[in-house]
Amino acid sequence: MAVSKFMESISSKEFTISGEVDPPKGANRATIVHQAELLKPHVVAANVTDNPLGIVIMNTLVPCHIMQNEVGLEAVYQVTCRDRNRIAIQSDILGAAALGIHNVLALTGDHPSLGDHPQAKPVFDLGSVELVDLLRTMVHDGTDYAANKLDIAPEMAIGVALSPGVDPVEPEIMKLEKKIEAGADFAQTQCVYDTKVLEKMLDATSHLDLPILPGIAPLKSVGMAKFMAANVPGVTVPKEMIDTLKNAKDVKDATIEITAGLLHDIKELGFPGVHIMPVGMDAYVGEIISRAGIR
Amino acid sequence: MIVTSEKPFDNILEMVQGKKVGILGCVGGCASLYNTGGKEQVESLSSRLSGAGVDVVFASTQGRHCTLTDFTGIKGSETLGESDVILIMACGVGVQSVAGLAEIPVYPALDTKFAGMRFDSELAERCLACGDCVLHLTGGICPITRCPKSLLNGPCGGVYAGKCEVDRTNDCAWILIYKRLKELGQLDKNKTIKPAKDFKVMAHPRKFTEAL
């Protein structure tokens, strides 16, 4: 019996689609419900981000809970090591477990210098590998990280991230191997736009027994393509994609078409699923999936 | 070596304005090797302060202060009694060493930056004194110091073309470690998970008993 609907879907060999919800900058709960409702018909679960780039937004746990309780959409709780030490992280995990959260994605986290509070003290008591080790200890050993027994252990699938396009890729794969050894159950990747990167990723991870869901985010403009390529590590955007966007009469339609094409390729290559980061195009996720010929 | 830099002159002036000042450099110590507390710098600060109307009673270009046990042999120290304030051109250890000996206020003229070394044209941080050295596992490149997240088990997702997300002029420590281990035929050393760091070892203030 899988620990979550998300893991059950992956185990069933169904093509599994996860989405992503961005917590608001502010206390606006309606935006969480709105994003979750748009995604719910199309995804098995949705990640909730943990102050990405170190930009202050709502505490990750709250949208996870609202999504699950009010919308009925399963959460993948993203946890980074940037702001909390091992005590705070374990405390949060226990709280998440009590709220019925059954998926966690273990991340190192962006450095605060990239965000809107660059003066903040970076924590990084743990890195992502040690975080996976900590989570496995709680979930599988039923103890905290200091070997003290928990009355009820959290039941969670442990996810990790992968940046498939980085060069050299070998250190990244070595790190993924450590994450698997530490207890990872699944991986979701950084955005991929290039089918060649997807093929290389399959090749580089073929020896590993880990479901990997490539990440995709709709490319909404030429500007976004250039920004992603210049600022997001390992991301390359093929020239044909940029040309398609440049020459498009209907940019939104071109965006949907490009994203659907990628999604189609991901399925054809034999990946077990995909992680869609809608970046504001939540309302079009269904159309992207159907144009990819998946449903 | 402890790398220091002189505080902005206005800050120094604010500390000592209207006071009789004695200046101690750190001659033969780190601050003189890196040109922040040697003879020339002591003389320069003395003349700039005098020029700004501060009464400089003495300016010593002798002695290293982190090993100081008394003022014997420090030129000008006989005039210490005439000073209101001592200004130290040394790292924070030197300032505290002198502050523990002097009966008058002791102020820092330098900011203590880090433990590091001259590397090409720059002074660069190389040791955070974490108390649990891993350099034998990382090709002689310190991930605690050179990775802004002090990661123990490999690069984060922020490595961009071998550079660090925090400062793209810096090489990613973990890419350097990977390349070096590969050259040394020691990549296996990166295959074992390094356990979460024991920060108890880093809990300050630290002290230990020397083995004699």
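What covers the buried residues of H3(B)? I am working from a predicted model. I looked up the cover and found that it includes strand S1 (2-6), helix H1 (9-16), strand S2 (20-24), strand S3 (55-60) and strand S4 (85-88) of chain B.

Next I listed the buried residues themselves. They are Gln41(B), Val42(B), Leu45(B), Ser46(B) and Leu49(B). Seen down the axis of H3(B), they fall within an arc of 135 degrees, so they line one face of the helix. I noted the general rule: an α-helix has 3.6 residues a turn, so residues three or four places apart point the same way. I then turned to the other side of H3(B), where Glu40(B) and Gly51(B) are exposed.

Helix H3 of chain B has 13 residues, 39-51, and should span 18 Å at 1.5 Å a residue. Its end C-alpha atoms are 18 Å apart, which agrees. After H3(B) comes Gly53(B), with a positive phi near 90 degrees.

Lys149(B) sits in the loop between helix H5 (143-146) and helix H6 (173-183) of chain B. Is Lys149(B) buried or exposed? I read 4% relative accessibility; the cut-off for buried is under 20%, so Lys149(B) counts as buried.

I followed its side chain. The side chain of Lys149(B) reaches the backbone oxygen of Gly109(A) at 2.7 Å. It also makes a polar contact with the side chain of Glu165(B), at 2.8 Å. Leaving aside neighbours within four places in sequence, I found Lys149(B) in contact with residues including Thr108(A), Asp110(A), His111(A), Phe124(A) and Cys156(B).

Key: Residues numbered from 1 in each chain as written. Chains lettered and ligands numbered in written order. Predicted model: local features only at pLDDT ≥ 70, side-chain atom pairs only at ≥ 80, totals over all residues. Heavy atoms only, no water. Helix = DSSP H or I, 4+ residues; strand = E, 2+ residues; numbered from the N terminus. Expected span 1.5 Å × (residues − 1). Buried < 20%, exposed > 50% of the residue type's maximum accessible area, 1.4 Å probe, protein only. Arc of directions from axis to C-beta. Contact = heavy atoms within 4.5 Å. Polar contact = N/O pair within 3.5 Å; in protein donor to acceptor, adjacent residues only side chain to side chain.
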